[in-house]
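Reader: I have not looked at this one before. Can you take me through it?

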Amino acid sequence: SKDAGVKRAFVQTMAEKVGVGEADVKCDVTPQNCNTRRLQAELIDSTRRRLADPSIQAAYSVSVPPGKSVTETSNSVSSIKTNAFQDLLVNNLAGTNFSNTSVTVSSITAPTTSMELSGYE
């Protein structure tokens, strides 16, 4: 579906910018300041009345792959420039409901780190 394509575009963008595989990135995309169906309709149909300040928040979780350190991965996230992320995201959104939508990445917050052990019982 096109909605899955939007989420995948966000995952692809972060994976490429951090230098990890898409399987190492999880992303929750949440509309802000509007309901989901209305946001989608407003962004697709530019002839309609625009909502006040609609936005999307993307929350990422990046797993550190073998061969990379937590510090290296965290530094990769910290060094992402908003305009470079935005340009790549726009490119990755081609073919989705948002392919002809103006996209602005307003900020990328500093990463936090946590450790999760797996494979142990």
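Predicted model: local features only at pLDDT ≥ 70, side-chain atom pairs only at ≥ 80, totals over all residues.

Reader: What is the average pLDDT of the protein?

Author: The average is 82, and 79% of the residues score at least 70.

Reader: And which elements have the lowest and the highest mean pLDDT?

Author: Helix α2, residues 36–44, has the lowest mean, 53. Helix α4, residues 82–92, has the highest, 95.

Reader: Next, the core. Which residues of the largest nonpolar core touch the most other members?

Author: That core has 18 residues, and those touching the most other members are M14, V18, V25, F85, L89 and L93.

Reader: Which elements give two or more residues to this core?

Author: Those are α1, β1 and α4. The largest share comes from α1, with 7 residues.

Reader: Pick M14. What does it touch?

Author: Leaving out residues up to four places away in sequence, M14 touches V25, Y60, V62, I80 and F85. Of these, V25 and F85 are also on the list of core residues that touch the most other members.

Reader: What about T13, is it buried or exposed?

Author: T13 counts as buried, because its relative accessibility is 0%. It sits in helix α1.

Reader: Which residues is T13 in contact with?

Author: Apart from neighbours within four places in sequence, T13 contacts F85, L88, L89 and N92. There is also a polar atom on the T13 side chain, 2.7 Å from the backbone oxygen of A9.

Reader: Changing topic. How many salt bridges are there?

Author: The count is 1. It joins the side chains of R8 and E22, at 3.2 Å from N to O.

Reader: Why does that pair tie separate parts together?

Author: R8 is in helix α1 (residues 2–18), while E22 is in the loop between α1 and β1 (25–32), so the bridge links parts 14 residues apart in sequence.

Reader: And how accessible are R8 and E22?

Author: R8 is partly exposed, with a relative accessible area of 45%. E22 is partly exposed too, at 33% relative accessibility.

Reader: Last one, helix α3. Which of its residues are buried?

Author: In α3, residues 70–78, the buried ones are T73, S74, S76 and V77. They lie on the same side of α3, because they cover an arc of only 155° around the axis.

Reader: Why would residues a few places apart point the same way?

Author: An α-helix has 3.6 residues a turn, so residues three or four places apart point the same way.

Terms used
Residues numbered from 1 in each chain as written. Heavy atoms only, no water. Buried < 20%, exposed > 50% of the residue type's maximum accessible area, 1.4 Å probe, protein only. Helix = DSSP H or I, 4+ residues; strand = E, 2+ residues; numbered from the N terminus. Arc of directions from axis to C-beta. Salt bridge = Lys/Arg side-chain N within 4 Å of Asp/Glu carboxyl O. Polar contact = N/O pair within 3.5 Å; in protein donor to acceptor, adjacent residues only side chain to side chain. Contact = heavy atoms within 4.5 Å. pLDDT = per-residue confidence, 0-100. Core = buried A, V, L, I, M, F, W, Y, C linked by side-chain atoms within 4.5 Å.
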